[in-house]
Amino acid sequence: IERHAIPTDRLIGVGLSIPGIIDASGLMVTDSHALRLQQVPCARFSTGIPYPCIFMNDANSACLAELSAIESDKPIVYLSLSNSVGGGIIWNNRLYYGDNQRSGEFGHMILIPDGKMCYCGKKGHVDAYCSALELVEYGQGSLERFFALVRAGDETCRQVLDRYLDHLAIAVNNIRMAFDCQVIVGGYVGGFMTDYIDLLRQKTKAINLYDDDGSYIRNCTFRYEASAVGAAMHHINTYIATI
């Protein structure tokens with residue numbers, strides 16, 4: 001704020017995206033396997049921030065950011081492929097939260113029964129096969145490095161990506177079967193998927209019962225820090241509604 005000389009009287013507030021379930025009040029992190037926290041007040045995350053704060057689940061935040069770039073009132077599902085896998089659902093131009101504020105937890109759907117261990121302690125979840133960490137491992141700790149190696153023709157990385165897309169195609173197809181709407185591929189991995197979205201569409205088409213193509217699968221608009229953008233936009237939208 002000081003570096004960009006922003007007048008503090010023009011600052012509406014701060015939006016924080018958190019990898020966990022936020023309760024309906026928006027004041028409590030009820031559960032976060034990623035952070036290993038339960039029933040923690042959101043205020044713990046804003047200590048030292050002297051402005052009004054809004055808290056959101058990270059995938060819902062990213063979904064909200066994508067909604068701002070779509071000129072359509074049709075339902076969409078946002079699949080967040082970051083260090084953990086999550087998602088957001090837009091229904092009637094609003095985020096759908098579900099009965100317990102946990103809608104869009106696609107990362108914990110079963111992909112392969114009794115398969116690889118998920119960070120949550122269960123086996124075979126989508127997260128264990130489709131998180132960004134599955135690729136980072138082969139990119140010397142960097143997702144950007146991994147895709148650079150793929151483009152350079154590294155055979156190991158190409159095979160890893162092909163296997164990753166096989167698993168992702170199953171997850172996307174399951175979402176399509178359940179919601180019958182557009183699926184936006186986002187998160188850290190989604191930001192690098194521009195050159196590979198057609199391959200994902202082909203793989204999904206091969207296992208899809210109804211669709212002749214995979215055009216319902218879209219690249220994300222916000223390639224970087226979509227969850228931060230969405231959390232900030234939620235603050236802005238709330239402010240606009242008061243005008």
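## An aromatic cluster

F146, F147, F192 and Y196 form one aromatic cluster. The model shown here is predicted. Across the whole structure, a search turns up four aromatic pairs. One of them joins F146 and F147. This pair is edge-to-face, with 5.3 Å from centre to centre and 85° between the planes. F146 and F147 are both buried.

F147 also pairs with F192. Here the ring centres are 5.2 Å apart and the planes sit at 0°, so the pair is stacked. F147 belongs to helix α4 (residues 143-151), while F192 is in the loop between α6 (187-190) and α7 (197-207), so the pair ties together parts 45 residues apart in sequence. Like F147, F192 is buried.

Now turn to helix α8, which covers residues 226-240 and holds H235. Is H235 buried or exposed? H235 counts as buried because its relative accessibility is 9%, and the cut-off for buried is under 20%.

What does H235 touch, leaving aside residues up to four places away in sequence? Its contacts are I12, G13, V14, G15, P52, C53 and I54.

I243 is in the segment after α8. With a relative accessible area of 76%, I243 is exposed.

Methods
Residues are numbered from 1 along each chain as its sequence is written. This is a predicted model: local features need pLDDT of at least 70, side-chain atom pairs count only at pLDDT 80 or more; totals for chains, interfaces and linings use all residues. Side-chain values use heavy atoms; hydrogens and water are left out. Helices (H or I, at least four residues) and strands (E, at least two) are DSSP runs, numbered from the N terminus. Buried means under 20% relative accessible area, exposed over 50%, partly exposed in between (1.4 Å probe, protein chains only). Contact means heavy atoms within 4.5 Å. Rings of Phe, Tyr and Trp (its six-membered ring) pair if their centres lie within 6.5 Å; planes under 30 degrees apart count as stacked, over 60 as edge-to-face and the rest as tilted.
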